[in-house]
Amino acid sequence: MRRIREIVAVTVVAGCVLGTAAQTLAYEGGEVKDGGTISGTIKFAGTPPARKELQVTKDKEICGKKQHMNWDLVVGPNKGIENAVVSLLDVKKGEKWAMTKTTLDQNGCEYTPHVAVMPAGGELDILNSDGILHNIHTYGQVNSSINRAQPKFKKVLTEKFAKPDIIKVTCDAHSWMLGWLVVSDHPYVAVTNDKGEFTLRNVPPGNYKLEVWQETLGKKVQNVVVKAKQETKVTVELAK
Ligand SMILES: [Cu+2]
């Protein structure tokens, strides 16, 4: 009997040690002292392709109110890429990310924003501004798929994604609808504006790997150094 008790005690201790090790791998949010800034532009290398018009084949009285252009690669006049996602890889410590709700609207049968970033474990409100039937269908790498009808009277659906991921969002009712959710366990993630610009603020000084992702051009990783209270400028070029 005594022997069994000892074995149980050893197992419990081993379990606690493993549990602690797993916890230290997760991102730890708190106060940042002497944080620096990473800012810059994501640019397209080469001649940008022209945007194509998408055909509205259903619910034309609502969905056809505006012209639909493809969002999968939008390049501005100075070759800045809109809707690229810039994030730090393997960052373990930094600013705490407030768990505010993220919103994805279905408006004119288009997802707004086209690319949304949100905290892992945070809530996503999926709005139906159109007042028609939409059916959200998600395809992630690690989070399980969501496939939910949203009838015209259902103004908001709320969903959660537990793990960091890049999730494709489509609508089973309207084939041209496409959006993306980038789920992160740390707040050092940003979507570029229409000039291809981004800013990551309050980054603890150190050496990092900066990852850029764009839905049709893929990923590119670059080293960056952040110094206390200074701004590091970065330009990253993506090509077809
Ligand atoms: Cu739809």
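Q: Which residues coordinate the copper ion?
A: This is a predicted model, where local features need pLDDT of at least 70, side-chain atom pairs count only at pLDDT 80 or more, and totals for chains, interfaces and linings use all residues. Residues are numbered from 1 along each chain as its sequence is written, and side-chain values use heavy atoms, without hydrogens or water. Donors are N, O and S atoms within 2.8 Å of the metal (3.2 Å for Na, K and Ca); water is not among the atoms, so sites may look incomplete. At 2.0 to 2.7 Å, the copper ion is coordinated by His 134 (ND1), Cys 171 (SG), His 174 (ND1) and Met 177 (SD).

Q: What arrangement do the four donor atoms around the copper ion make?
A: Four donors count as tetrahedral if all angles lie between 85 and 135 degrees. Here the angles are 98 to 133°, which makes the arrangement tetrahedral.

Q: How many residues apart in sequence are the parts that His 134 and Cys 171 tie together?
A: Strands (E) are DSSP runs of at least two residues, numbered from the N terminus. His 134 lies in strand E11 and Cys 171 in strand E14, so the pair ties together parts that lie apart in sequence by 37 residues.

Q: Is Gln 150 buried or exposed?
A: Buried means under 20% relative accessible area, exposed over 50%, partly exposed in between (1.4 Å probe, protein chains only). Gln 150 sits in strand E12. Its relative accessibility is 0%, so Gln 150 counts as buried.

Q: Which residues touch the most other members of the largest nonpolar core?
A: A nonpolar core is a set of buried Ala, Val, Leu, Ile, Met, Phe, Trp, Tyr and Cys residues joined through side-chain atoms within 4.5 Å. The largest has 25 residues, and those touching the most other members are Ile 38, Ile 42, Leu 88, Leu 200 and Leu 210.

Conventions:
Four donors count as tetrahedral if all angles lie between 85 and 135 degrees; four count as square planar and six as octahedral if opposite donors are over 155 degrees apart and all others between 65 and 115; anything else is irregular. Helices (H or I, at least four residues) and strands (E, at least two) are DSSP runs, numbered from the N terminus.
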